[in-house]
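Try each task with the structure open before you read its solution.

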Amino acid sequence: MDGQVYAQPLLANGTLLVATQNNKVYGSNPATGAMRWPAALNLGAPWKAADIGCGDLTPNIGVTATPVIDPATNTAYLTHKTYVSGTSGTARWYMDAIDLANGTEKTGFPVQLSGSAQNQPGMTFQPTTQLQRPACC
């Protein structure tokens, strides 16, 4: 695996899903460890924690929260942090929907996360400094 694993690995429909802080997502056979997908899904350059002086998650912030799996559709939902452009500067957060059968994004994903809080319209989501929940709900 390429990168630290903070998100809990999950098992669904015979696939062990592991996501890393380097924005890599792996699907493997839980009994043998053999990869089920041709390659890990690469979600882009991970965001460098040093960009805001974060000492808790180093050196990168990619996929931190534990994904959620919908076994009926064989889909894993997760969030990841990356750069607006390249490998430095401001950040963006995305929501992903990954097909566990082949390790590809579902149609219409990833979706950029942005906007204002419904319960506090004057508060706008700031992706560079905003952290993520420890798990999707």
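**Exercise 1.** In this predicted model, work out how many bridges pair β8 with strand β9, and in which sense the two strands run.

*Solution.* Start by locating β9 at residues 91–99. Next, follow its pairing with β8: there are nine bridges, and the sense is antiparallel.

**Exercise 2.** Find what joins strand β7 to β8, and describe the hairpin they form.

*Solution.* Strand β7 covers residues 68–70, and three bridges join it to β8 in an antiparallel arrangement. One point to look for is V68, which stands opposite Y77 in β8. Now move to the turn: four residues lie between the two strands of the hairpin, and N74 there has a positive phi of about 55°.

**Exercise 3.** Is strand β8 mostly covered or mostly open?

*Solution.* Take residues 75–83 and apply the cut-off for buried, under 20% relative accessible area. Eight of the nine residues in β8 are buried, so by that cut-off the strand is mostly covered.

**Exercise 4.** Give the strand order in the open sheet of four strands, then explain why one side of β1 and of β4 has no neighbour in the sheet.

*Solution.* For β1, follow the pairing with β2 (residues 15–19), antiparallel over three bridges. There, A12 has T15 in β2 as its bridge partner.

Key
Residues are numbered from 1 along each chain as its sequence is written. This is a predicted model: local features need pLDDT of at least 70, side-chain atom pairs count only at pLDDT 80 or more; totals for chains, interfaces and linings use all residues. Side-chain values use heavy atoms; hydrogens and water are left out. Two strands pair if DSSP finds at least two bridges between them. Buried means under 20% relative accessible area, exposed over 50%, partly exposed in between (1.4 Å probe, protein chains only).
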